[in-house]
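Please look over the sequence and the model below. The report then takes up single residues, a helix, a pocket and a ring pair.

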Amino acid sequence: MGEMLYKSVRQVSVMTGIYLVVVISFALAIFNLLPLPVLDGGHILFALLEWIFRRPLPPKLLQRVSLVFVFFLVALMLYVTYNDVRRLTDDFKIFRSK
């Protein structure tokens, strides 16, 4: 993302860079509202379920569901990081061979 922001500001304009930052921020906000228990959307979902059933959800259930989704979110971050590092090392190998 940093490289893309640098290129957009350097090659086009500062306004293009600002636009890119706005688009990224908007995408993160939408992602945060997904109904996954560890994100804000999940907290909204739990609050809606408590409102519908008119009683608090069992703490054990909340803990277990949240723990599962924490693992999923960490696994997703590790997967994305691994692919980014692999892409960068592949680019570096191509650069070194020239």
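Leu61 has a relative accessible area of 44%, so it counts as partly exposed. The scale runs as follows: buried is under 20% relative accessible area, exposed is over 50%, and partly exposed lies in between, with a 1.4 Å probe and protein chains only. Leu61 sits in helix H4. Helices here are DSSP runs of H or I with at least four residues, strands are E runs of at least two, and both are numbered from the N terminus.

The model is predicted: local features need pLDDT of at least 70, side-chain atom pairs count only at pLDDT 80 or more, and totals for chains, interfaces and linings use all residues. Residues are numbered from 1 along each chain as its sequence is written, and side-chain values use heavy atoms, with hydrogens and water left out.

Arg86 is also found in helix H4. Its relative accessible area is 42%, so Arg86 is partly exposed. The C-alpha atoms of Arg86 and Gln63 are separated by 34 Å, at 23 residues apart along the chain. Ala27 belongs to helix H2 (residues 14–32). At 44% relative accessibility, Ala27 is partly exposed. Between the C-alpha atoms of Ala27 and Val70 there are 20 Å, and the two are 43 residues apart along the chain.

Does the length of helix H3 agree or disagree with its residue count? Helix H3 (residues 40–53) has 14 residues and should span 20 Å at 1.5 Å a residue; its end C-alpha atoms are 20 Å apart, which agrees. The expected span is 1.5 Å times one less than the number of residues.

Which residues of H3 are buried? They are Gly41, Gly42 and Phe46. These residues cover an arc of only 140 degrees around the axis, so they lie on the same side of H3. The arc is taken from the directions between the helix axis and the C-beta atoms.

Most residues other than glycine have a negative phi. Arg54 counts as exposed, at 71% relative accessibility.

## The largest pocket

The largest pocket has a volume of about 220 Å³. A pocket is an open set of points on a 1 Å grid over the protein atoms alone, where a 1.4 Å probe fits, with protein on both sides within 12 Å along at least five of seven lines. Points are joined across faces, edges and corners, and the volume is the space filled by probe spheres set on them.

Lining residues have an atom within 4 Å of a point. Here they are Phe31, Leu39, Leu73, Leu76, Met77, Val80 and Asp84. Helix H4 (residues 59–97) gives the most to this lining, with five residues. By type, the lining has six nonpolar residues, no polar and one charged. Ala, Val, Leu, Ile, Met, Phe, Trp, Tyr, Cys and Pro count as nonpolar; Asp, Glu, Lys and Arg count as charged; the others, Gly among them, count as polar.

## The aromatic pair

How many aromatic pairs does a search of the whole structure find? It finds one. The rings of Phe69 and Phe72 have centres 5.9 Å apart and planes at 75 degrees, so the pair is edge-to-face. Rings of Phe, Tyr and Trp (its six-membered ring) pair if their centres lie within 6.5 Å; planes under 30 degrees apart are stacked, over 60 edge-to-face, and the rest tilted.

Both Phe69 and Phe72 lie in helix H4, three residues apart, about one turn of the helix. Phe69 is partly exposed, at a relative accessible area of 26%. Phe72 is exposed, at 54%.
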